[in-house]
Amino acid sequence: AVVSTQSTGWRHLRNTVLPSLPGLKMLNVGHNDLTSLRSETSDAPLNNPNLTTLNLIHNQITAFADVADVAGVFPNLETLILSDNPLVSFGEDKMVIERFSNTNQDHCGEGSPYSALIP
């Protein structure tokens, strides 16, 4: 599914749209000016066990910690695409990095700012 959140934002998508799509395997929310995907305690629990790919290309995410919650929200996430985001903080916190132990890290080789964080 390709979803535009420009008029509603991540919280609306998370609390209204995603719960109605339990079989969703790939979600593309690129080019939406998103700055964070952090969960709030008031957010509805999600049941998207089939989601394996989350594309966040070309948003406004500056800190890896701002997307760390998706690892818990989507337990079978394999691919997280953060290309063309102005990342300046990669969340050196080991607990944040460990949340993504199942994700595809093929493009995080030597020389990548993320390569030092791969366990």
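## Starting with strands

Two strands pair if DSSP finds at least two bridges between them. Helices (H or I, at least four residues) and strands (E, at least two) are themselves DSSP runs, numbered from the N terminus. With that in hand, look at asparagine 28, which stands opposite asparagine 55 in E2.

Before going further, a word on what you are looking at. This is a predicted model, in which local features need pLDDT of at least 70 and side-chain atom pairs count only at pLDDT 80 or more, while totals for chains, interfaces and linings use all residues. Residues are numbered from 1 along each chain as its sequence is written, and side-chain values use heavy atoms, with hydrogens and water left out.

## The overall plan

The chain holds three helices and three strands.

How much of the chain is buried? The answer is 40% of its 119 residues, where buried means under 20% relative accessible area, exposed means over 50%, and partly exposed lies in between (1.4 Å probe, protein chains only). The chain exposes about 6,600 Å², and carbon and sulfur atoms supply 51% of that area. Such accessible areas come from the Shrake-Rupley method with a 1.4 Å probe; for residues, only the protein chains shown count as cover.

Contacts (heavy atoms within 4.5 Å) tell us how the chain folds back on itself. Among those with a separation of 6 or more, 79% join residues 24 or more positions apart.

## The sheet

The three strands form an open sheet in the order E1-E2-E3, with parallel pairing. E1 and E3 are the edge strands, as each pairs on one side only. From one strand to the next, the twist averages 0°; the angles behind such values run from 0 to 180 degrees between N-to-C directions, and the axes are lines fitted to C-alpha atoms, for helices over the stretch in contact. Between E1 and E2, which run parallel, there are three bridges.

## The nonpolar core

A nonpolar core is a set of buried Ala, Val, Leu, Ile, Met, Phe, Trp, Tyr and Cys residues joined through side-chain atoms within 4.5 Å. In soluble globular proteins, nonpolar side chains tend to be buried together. The largest core here has 22 residues, and Leu27, Leu37, Leu54, Leu56 and Phe74 touch the most other members. Helix H1 (10-17) and helix H2 (70-73) each supply at least two residues of this core.

Leaving aside residues up to four places away in sequence, Leu37 touches Trp10, Leu54, Leu56, Ile61, Asp66, Val67, Asp69 and Val70.

## One face of H1

Which residues of H1 are buried? They are Trp10, Leu13 and Arg14. Seen down the axis of H1, these buried residues fall within an arc of 95°, so they line one face of the helix; the arc is that of the directions from the helix axis to the C-beta atoms. An α-helix has 3.6 residues a turn, so residues three or four places apart point the same way. What covers the buried residues of H1 includes strand E1 (26-28) and H2.

## Loops worth a visit

The loop between strand E2 (53-55) and H2 holds threonine 62. Threonine 62 is partly exposed, with a relative accessible area of 35%. Not counting residues up to four places away in sequence, threonine 62 touches Pro86, Leu87, Val88 and Ser89.

Alanine 63 lies in the loop between E2 and H2. Is alanine 63 buried or exposed? At 14% relative accessibility, alanine 63 counts as buried. With residues up to four places away in sequence left out, alanine 63 touches Leu87 and Ser89.

Histidine 58, in the loop between E2 and H2, has a positive phi of about 55° although it is not a glycine. Aspartate 84 sits in the loop between strand E3 (79-81) and helix H3 (94-98). Phi of aspartate 84 is near 60°, a positive value in a residue other than glycine. At 54% relative accessibility, aspartate 84 counts as exposed, whereas histidine 58 is partly exposed at 39%.
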